[in-house]
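Here is a short briefing for a first look. Start with the sequence and the model, then read the points by topic.

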Amino acid sequence: MMALPQVKQDVTEARLQALKMPEGAGWAVEARKAALSRLTQMGLPGARDEYWRFTNPGEFNAPEAAEAPPFDDGDESPVFGEIDRLKIVFRDGVFDAVASDDLSLEGVEIERLEDALSTDIHWLKDAYGAIEARTHAPVPRPFAALNTAFATDGVVLRATGKVSKPISLIYLHEKATSDAILHFVIRVEEGADLTVLENGPAAARFNKCMEVDVADGGAFHHVRAQGRDHERRAVTHLFATLGEESTFKSFTLTANGVMTRNEAWIELNGDNAVAHIAGAAVGDGRFHHDDTVFITHDAVNCESRQVFKKVLRNGAVGTFQGKILVKEGAQKTDGYQISQSLLLDEDAQFLAKPELEIYADDVACSHGSTSGAIDDEALFYLRSRGVEKGDAQDLLVLAFLAEAIEEIESEEIADDILGRLDGWLARRRS
Amino acid sequence: MLEIKNLHVKLEEEDKQILKGVDLTVPAGKVHAIMGPNGSGKSTLSYVLSGRDGYEVTEGAATLEGEDILDMEPEERAAAGLFLAFQYPVEIPGVGNMTFLRTALNAQRKARGEDEMSAGDFLKFIREKAKALKIDGDMLKRPVNVGFSGGEKKRNEILQMAVLGPKMCILDETDSGLDVDAMKLVADGVNALRDEGRSFLVITHYQRLLDHIQPDVVHIMADGRIVKTGGPELALEVENNGYADILAEMA
């Protein structure tokens, strides 16, 4: 093992000084120590690391979270407010039993992470940090290892059937310097079907890791709304392994936020599995949004889709790093990747790095990345029919994002997300 | 209805004069046609009237029912009752045709201080209009003009015209790219809209569209001016002899 450069060692040590490993059952402590060892071997990222060239990791590396005053949403109704769901609330990264619903729902076992990690015999023993540990080659994900080692709260879900309503994770932020590390482990058993919703800023700084294992024939749906307008910083990890004929669908809306890095790592291990991951990000002003996605095809006849759209203005920066790796033998792979930005003015910036690596000969993989402004022809066409200029622009922005939003299967949830976007657009104009 | 006086227009980007003093009056309820060779300024006239960027009016005026339209935004001109059927209708991926039409109609109604039409009422309204133009439900649901054939795009323009009910309709080479059947369908759509309170300015290269949409007056445009005005027989003269004779006569 090559020694880490001194600067990396220093940054990593300084960060670790500020952290304390929680107690738990023997196996849980072992799992955390193993993660810590992974972290110290790879070290925290530097600005020159290949996958951190577009996003400066400094604010995630800092021992303390930068101050971020809680944000007043005004009179905007909370996202997913009208959806029948089971609410699990975290306040500055701490589970809030009073604000949460009773953690019982047919078809799914729900446990608080610390309870599961303190139980001597638990299925989590083989799962906590297990997927995270596999995500580091070839691209190290030190903040995910840090998360496994030091997560202070979270939830463990095991879906055994068709779960009647979504599990809704709500992350409230109240303290100006809160630094939250939450970890979720989700197992969707054979043929089970689970939807997880996430929203809220969580803390001044938020590190989240969600490990999802979808067994044969299982289905996992994930819809997340990040934002809005918060001063917050977030680095999130969504990791999944997929069994035969399983389905994984994830959509994220990000509306502002100073710094967001959303990493996804998905491995299709069973034949005929399907993975769709989509994101719509709208940024105005001090906004840096990074999607880093790595999809591995390791089975026959699987389908993956990556659809990422960003609308940027007034200095906002969007980045996309997306890879499709097709392993030897993963024949009949159907891989699709698109990343696009709509730059509403000349100050916005979009950086993209699409990658394909293919070791099978009978596959169909396509990728594309574009960056452009509002189409003047389309704008004039709409205006010539009487649509006011601002409305016409908004209509074109929504049209640009449509392909990503279409990845949300539930019409009710998609409508909710569209409502958020309408709100964002209206605020830009007021 | 539409009154254009001594209109001079140049391209904004370069010092090129396109319209050099156009005079034209289209009274209410009348159909006027403008014919002319390529590069005579016909399409520029339609764009300037509808408010497209890139043109500068250096002299002259254009009024719709006495109101100066040249200072208005494109959407204000639309609300005032002006409609341009595009020569090349624009594809707008991601915006459903029906959503587009309802947004446009309600924007115009709102601008005129009228009540917006409900989704239910609009659905009934548009189905009826679409049926007459043989536009099926699928075309209404698809994104605006995306994947439409040339004929479908032009029919969609006429559908928009029927839905929005403008007072002054400008048709910019609506016949281009249409086969005989499609042209008849489009012409029937236009004829159904002919009305005492509605005027048309039909811009075309060829006389054949005017077989289906009978004009009251035909103008010939050349080098940025109206050079000759006459009855429908003028279109036949162009058809038989081309523009050369008329232009020679003028010289």
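This is a predicted model: local features need pLDDT of at least 70, side-chain atom pairs count only at pLDDT 80 or more; totals for chains, interfaces and linings use all residues.

Residues are numbered from 1 along each chain as its sequence is written, chains are lettered from A and ligands numbered from 1 in the order in which they are written, and side-chain values use heavy atoms, with hydrogens and water left out.

**Helices α6 and α7 of chain B**

- Helix α6 (residues 150-164) and helix α7 (residues 180-193) of chain B cross at roughly 10°, and their axes come within 9 Å.
- α6(B) and α7(B) are therefore roughly parallel to each other.
- Axes are lines fitted to C-alpha atoms, for helices over the stretch in contact, and angles run from 0 to 180 degrees between N-to-C directions.
- Lys154(B), Arg155(B), Ile158(B), Met161(B) and Ala162(B) of α6(B) meet Leu185(B), Val186(B), Gly189(B), Val190(B) and Leu193(B) of α7(B); contact means heavy atoms within 4.5 Å.
- The contact of α6(B) with α7(B) has 7 nonpolar, 1 polar and 2 charged residues.
- Ala, Val, Leu, Ile, Met, Phe, Trp, Tyr, Cys and Pro count as nonpolar, Asp, Glu, Lys and Arg as charged, and the others, Gly among them, as polar.

**Helices α2 and α6 of chain A**

- Helix α2 (residues 26-42) and helix α6 (residues 142-150) of chain A pack at about 150°, with their axes 7 Å apart.
- α2(A) and α6(A) are therefore roughly antiparallel.
- The contact of α2(A) with α6(A) has 10 nonpolar, 1 polar and 2 charged residues.

**Helices α7 and α8 of chain A**

- Helix α7 (residues 376-384) and helix α8 (residues 389-405) of chain A cross at roughly 130°, and their axes come within 9 Å.
- α7(A) and α8(A) are therefore oblique to each other.
- On the α7(A) side, the contact includes Leu379(A) and Leu382(A); on the α8(A) side, it includes Leu395(A) and Leu396(A).

**His297 of chain A**

- His297(A) lies in strand β14 (residues 288-297) of chain A; strands are DSSP runs of E, at least two residues, and helices are runs of H or I, at least four, numbered from the N terminus.
- His297(A) is buried, at 0% relative accessible area.
- Buried means under 20% relative accessible area, exposed over 50%, partly exposed in between (1.4 Å probe, protein chains only).
- Beyond four places in sequence, His297(A) touches residues including Leu268(A), Ile324(A) and Asp334(A).

Note on methods
Angles under 35 degrees count as roughly parallel, over 145 as roughly antiparallel, 65 to 115 as roughly perpendicular and the rest as oblique.
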